[in-house]
Protein chains: 2
Amino acid sequence: MSAADTPPPSPPLPPVFDAEFRASFETLILWRRDVRRFRRDAVDPALVHRLMALADRSPSVGNSQPWRFVLVEGAALRDQVRAEFRRANAEALAAYHGEQAALYAQLKLSGLEEAPVHLAVFVDPSTEQGAGLGRHTMPETIGYSAVAAIHTLWLGARAWGLGVGWVSIFDPKALTHLLDLPASWHLVGYLCLGYPEEEHIDPELERHGWQARTDLKTRIFVKP
Amino acid sequence: MSAADTPPPSPPLPPVFDAEFRASFETLILWRRDVRRFRRDAVDPALVHRLMALADRSPSVGNSQPWRFVLVEGAALRDQVRAEFRRANAEALAAYHGEQAALYAQLKLSGLEEAPVHLAVFVDPSTEQGAGLGRHTMPETIGYSAVAAIHTLWLGARAWGLGVGWVSIFDPKALTHLLDLPASWHLVGYLCLGYPEEEHIDPELERHGWQARTDLKTRIFVKP
């Protein structure tokens, strides 16, 4: 690949991020939400592509770029995806009892019905890109790279006014099969994208009484 | 916890991110690097804490916040960590042959010697926070949450002019034992933090001939 094929996507000098940017970046982190309540308005496909291109610049182990972006567009296919979700969710519900089960059943756990964009993100652990560097003792880092890509896309989406919901209530193998993907691929996250109906600074699960955030102090440890 | 205990950390109205912020955010993503070449200058502990507090607002499955931040400060302990890295890295090197082995041996794969801050991020899969929501079919999402926290911290660090290097060339169980942490915790990433010696828009592994980035088109799939 010659230099002429790849125009620099950013100024050649290291950027300096100022206090105003940092404050806005912190605001972005605080206001990113897992969104399950979407308007049905379409999202410009060019914007979705731009977010995938941005996500493609995420960190990856050995520079392996192991994420695979699968846009699920067919109406019949989406129906099958929703059926898979309902099946997995009924199974998850069966693990709870009493009041907790009643609360779980009331939670809205996905925007699969309304979200105009369905983006399934898989990882290909069989990729030769990166030649295995960094994966010898921690093979799970290949999936972690796909998580970083999802997180980049999520933050970018929020900056453009879009919401993202990460649905993990799926049997990953069933999804690989349903979407007719190579058996070696593994589902990392099934994302719903669209314009949110509501915006909140508090997590949906906190607002609806499932789980509040807890004190950071309990999560920091110092080893002398 | 009463409302009085938790002053709103951000304006109560949903923020609007403008084109200038979005452009800077894209620049941040493009210039985030895995840094292995650090200056030895100290980093203000308050800044490290601020970055951990920001990372603590990352998405987590079931709002479980399962990340555990372990600051490794003792000089003797750091020596043992570096010895573990050398052991794991020698093992990794043994998996390569010929020219690839020679190239691997020349790569600088960590800043463990120079970085002023060592931050090991673990996940506690045994946490009861979140009551298992979202983890029934994809238990790996608990580790994914810790990855999102690392990625938030990484981006925040870059915005403040700091570099982060994620070292995955460790036997996770050996690190849990060495740092005297609960056996159920799992290492997600051992992070080196500090001011970078150099800044680049291209990944270190690309610049040194190990692995270039490849074309995004090969990673996008559409399912009708």
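Which residue of β4(B) does His118(B) stand opposite? I looked there first. His118(B) faces Cys192(B) in β4(B). I note that the model is predicted.

**Entry: the strand pair**

I then looked up the two strands around that position. β2 of chain B covers residues 117-123, and β4 of chain B covers residues 186-194. They pair in the antiparallel sense, over 7 bridges.

**Entry: the whole sheet**

I found an open sheet of 5 strands, ordered β5(A)-β1(B)-β2(B)-β4(B)-β3(B). The pairing is mixed. I checked the edges next. They are β5 (220-223) of chain A and β3 (163-167) of chain B, each pairing on one side only. Neighbouring strands are turned by 25 degrees against each other on average, direction ignored.

**Entry: helices across the sheet**

I asked which helices lie across these strands. Helix α3 (residues 75-93) of chain B lies across β5 of chain A and across β1 (67-72), β2 and β3 of chain B. Its direction is about 110 degrees to β1(B). Helix α5 (residues 141-159) of chain B lies across β1, β2, β3 and β4 of chain B. I read its angle to β4(B) as about 5 degrees.

**Entry: the strand from chain B**

I turned to β5(B). It runs parallel to strand β1 (residues 67-72) of chain A, and 4 bridges join the two. One position I noted is Leu71(A), which stands opposite Val222(B) in β5(B).

**Entry: the contact between chains**

How many residues of chain B are in contact with chain A? I found 84 residues of chain B in contact with 84 residues of chain A. On the chain B side, the elements supplying at least two residues each include α1 (19-31), α2 (45-55), α7 (204-207) and β5 (220-223). α1(B) gives the most, with 10 residues. By class, I list 46 nonpolar, 22 polar and 16 charged residues on this side of chain B.

I then looked up what covers them.

Conventions
Residues numbered from 1 in each chain as written. Chains lettered and ligands numbered in written order. Predicted model: local features only at pLDDT ≥ 70, side-chain atom pairs only at ≥ 80, totals over all residues. Pairing = 2+ DSSP bridges. Axes fitted to C-alpha atoms, helices over the stretch in contact; angles between N-to-C directions. Contact = placed C-beta atoms within 7 Å. Nonpolar A, V, L, I, M, F, W, Y, C, P; charged D, E, K, R; others polar.
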